[in-house]
Amino acid sequence: MIVVGSDVLILHHLSLRADPRWNDNEEALRRLRGSVKGVTIYGLLDLVGVISRHAGEKSGRELYLSYLRSEEHRILFPPHPDSWEEHIENVMRYLAKGLSYKDALEAMVLDTTPEVQLYLTWRTAPAGRLPVKTRTPSELTQQRTFG
Amino acid sequence: MADTVLLQVRVSSTLVRRIDELCSEGLYRNRSEAISDAIRMLLAKYSRTSPEARATALYLSGRLSRTGNPEELIFTPSTGRPHIEDDE
């Protein structure tokens, strides 16, 4: 399963056609249509925050519910920690690799979801520090096969 | 007496024993009163939560009906031109 990063979804949902990444972003999403894609709960909440900021609270809430109900998306939740101690212990392993807190949270989800093969994002900083391969939408569209 | 309805529900014998204990301790006069209080607490809990929180609970229990494609939702930015960072 391919997990789609919030940056890819933000470009799409805000229809940022002037962005130089727009065409590849749309092509990658078009090619993934029809298959089940993963979105981490942290990525989804990040997306909802950005959409709420730029398009209003109602839009953000609508989008959240729409992703939960989507047949084509699986929202990935990490195991719920029993305590703050456990959470710090878990997240520190990823923070120690130099990941931001958000990336560390996503890394925890990716690490606990064995079906994840690839993380799709424009951001190159977390590459090599996440537990799965990362690809940009441009790289994905250049591949002949994927999935 | 308030308008009441006879509600037939199946409850585990363990739960009924615990409810009976609460009644024998004097916290409730009978099972009906205890169960009514439990229902009030349940309704209060969910009246405080948002539709998103309730939908998340349904999603996690596998009981949310799945339909539609969120990628069809396109929003027009109303607050300036968003800048999406391509890196940290």
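A:Lys133 sits in strand S5 (residues 133–135) of chain A, where strands (E, at least two residues) and helices (H or I, at least four) are DSSP runs, numbered from the N terminus. Setting aside its neighbours within four places in sequence, A:Lys133 is in contact with A:Gln117, A:Leu118 and A:Tyr119, contact meaning heavy atoms within 4.5 Å. A:Leu45 is 88 residues from A:Lys133 along the chain, and their C-alpha atoms are separated by 22 Å.

A word on conventions. The model is predicted, with local features needing pLDDT of at least 70 and side-chain atom pairs counting only at pLDDT 80 or more, while totals for chains, interfaces and linings use all residues. Residues are numbered from 1 along each chain as its sequence is written, chains are lettered from A and ligands numbered from 1 in the order in which they are written, and side-chain values use heavy atoms, leaving out hydrogens and water.

Now for helix packing in chain A. Helix H1 (residues 6–13) of chain A packs on helix H2 (residues 22–32) of chain A at an angle of about 105°, the axes being 10 Å apart. That puts H1(A) roughly perpendicular to H2(A). Here axes are lines fitted to C-alpha atoms, for helices over the stretch in contact, and angles run from 0 to 180 degrees between N-to-C directions; under 35 degrees counts as roughly parallel, over 145 as roughly antiparallel, 65 to 115 as roughly perpendicular and the rest as oblique. H1(A) brings A:Val8, A:Leu11 and A:His12 to the contact, and H2(A) brings A:Trp22, A:Asn25, A:Glu26 and A:Leu29. By class, these residues are four nonpolar, two polar and one charged (Ala, Val, Leu, Ile, Met, Phe, Trp, Tyr, Cys and Pro count as nonpolar, Asp, Glu, Lys and Arg as charged, and the others, Gly among them, as polar).

Helix H3 (residues 41–55) of chain A and helix H6 (residues 101–111) of chain A cross at roughly 140°, with axes that come within 8 Å, which makes H3(A) oblique to H6(A). On the H3(A) side, A:Tyr42, A:Gly43 and A:Asp46 meet A:Lys102, A:Leu105, A:Glu106 and A:Val109 of H6(A).

In all, 30 residues of chain B touch 41 residues of chain A. The two chains bury about 3100 Å² between them, 55% of it on carbon and sulfur atoms; buried area is the accessible area (1.4 Å probe) that two parts lose on being put together, summed over both. Two salt bridges are counted between chain B and chain A, a salt bridge being a side-chain nitrogen of Lys or Arg within 4 Å of a carboxyl oxygen of Asp or Glu. B:Glu71 and A:Arg33 meet in a salt bridge through their side chains (3.5 Å, N to O). The side of chain B that touches chain A divides into twelve nonpolar, ten polar and eight charged residues.
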